[in-house]
Amino acid sequence: MVISHRTAIVTGSGRGIGRAIALRLAQDGLNVVINDVNLDSAESVVNEIKELGRESFAVKADVSKRNEVFNMVDQVVDHFGQLDVMVSNAGIAQIKPLLEVTQEDLEQIFSINVNGVLFCLQAAAEQMKKQEGGKIISATSIASFKGFSLLGTYSATKFAVRGITQAAAQELAQFGITVNAYCPGIVGTQMWDLIDEKMGQYMNLGKGEAFKKFSDSITLGRPETPEDVAKFVSYLASRDSDYMTGQSIMIDGGVIFS
């Protein structure tokens, strides 16, 4: 058992925003466990973290399966002795008009984007209660403040995560656990490559045109990078955010103002 430095799990961290968050937390001095359904990409990030001088290992787990999430937390605690930060980053997008959404579509996106967040929260909280403290951080989106056309089911899942965040913050405060969420905007990732492709089919736009159309609405004048998101999650994971809980904060360069 290794007990040194604070320890974090970042789900869906084999690539994109999750990878950037994991690397940033490692730079901040945390040991970081990489979770992904693709073990090869997860192991690649593990190697990057070890190059930064921090401890890391990969866990292949499907966040939509409660037992796999709890087993993942058990592995982390067995190795490091503690879990200080849980980042529920794993998620998927669906691009489809609401009138075309099937029962299977709903079950798939809610099982990952909502059930997965709740299962991670439950597993982390059970351990953090024993430690008398910890930080639970979940991925929402600007789509948790405004429902977007062709992203209706995705928006619904992100509104749900905001609600879970607010309720959990009230329930877990007595144990010294804070619960917050980060809301990215138009980020240059593989997820947005998919959104661009699928939206383009519905909107008669060529490759890259949907991404550009949405990016043009950004006040700061450029698309978001995974590192932009990671910098904010670094704050949420740090002790500087100890007096913040129940919040879902937009980090979008100025797309949505609320």
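**Helices, loops and a few residues worth a look**

Glu43 comes out as partly exposed, its relative accessible area being 36%. This value, like the others here, is read from a predicted model. Glu43 is part of helix α2. Its C-alpha atom sits 9.3 Å from that of Ser56, a residue 13 places away in sequence.

Four residues of α2 are buried, namely Ala42, Val45, Val46 and Ile49. They lie on the same side of α2, because the arc they cover around the axis is only 110 degrees.

At its start, a side-chain oxygen of Asn38 comes to within 3.0 Å of the backbone nitrogen of Asp40. After the helix comes Gly53, with a positive phi near 90 degrees.

Helix α1 has a glycine of this kind too: it is followed by Gly29, whose phi is positive and near 105 degrees. With 12 residues, α1 reaches 17 Å from first C-alpha to last, close to the 16 Å expected at 1.5 Å a residue. The buried residues of α1 are Ile17, Gly18, Ala20, Ile21, Ala22, Leu23, Leu25 and Ala26. Their packing partners are the strands β1 (7-10), β2, β4 (85-88) and β6 (177-184), together with the helices α2 and α8 (226-237).

Next, a pair of packed helices. Such a pair is described by the angle between the two axes and the distance between them. For α3 (residues 66-80) and α4 (residues 103-131), the angle is about 35 degrees and the axes are 9 Å apart. The two helices cross in a right-handed sense. On the α3 side, the contact is made by Arg66, Val69, Phe70, Val73 and Val77, while α4 brings in Phe119, Cys120, Gln122, Ala123, Ala124, Glu126 and Gln127.

Two residues other than glycine also have a positive phi. One of them is Glu132, with phi near 65 degrees, found in the loop between α4 and β5. Glu132 counts as exposed, with 68% relative accessibility. The other is Leu150, whose phi is about 75 degrees and whose place is the loop between β5 and α5 (152-172). Leu150 counts as buried, since its relative accessibility is 15%, below the 20% cut-off for that class.

Strand β5 (residues 134-139) holds Ser138. At 1% relative accessibility, Ser138 counts as buried. Leaving out neighbours within four places in sequence, Ser138 is in contact with Ser88, Val117, Val161, Asn180, Ala181 and Tyr182.

With neighbours within four places in sequence set aside, the contacts of Phe211 are Ile186, Val187, Gly188, Trp192, Asp196 and Pro223. The C-alpha atoms of Phe211 and Thr140 are separated by 19 Å, the two residues being 71 places apart along the chain.

Asp228, finally, lies in helix α8. It counts as buried at 16% relative accessibility. A polar atom of the Asp228 side chain lies 2.9 Å from the backbone nitrogen of Thr225. Not counting residues up to four places away in sequence, Asp228 touches Arg222 and Ile251.

Definitions and conventions
Residues are numbered from 1 along each chain as its sequence is written. This is a predicted model: local features need pLDDT of at least 70, side-chain atom pairs count only at pLDDT 80 or more; totals for chains, interfaces and linings use all residues. Side-chain values use heavy atoms; hydrogens and water are left out. Buried means under 20% relative accessible area, exposed over 50%, partly exposed in between (1.4 Å probe, protein chains only). The arc is that of the directions from the helix axis to the C-beta atoms. A polar contact is a pair of N or O atoms within 3.5 Å; within protein, one must be able to donate a hydrogen and the other to accept it, and residues adjacent in sequence count only if both atoms are side-chain atoms. Axes are lines fitted to C-alpha atoms, for helices over the stretch in contact, and angles run from 0 to 180 degrees between N-to-C directions. A crossing is left-handed if the near helix is turned anticlockwise from the far one by less than a right angle, and right-handed if clockwise. Contact means heavy atoms within 4.5 Å. The expected span of a helix is 1.5 Å times one less than its number of residues.
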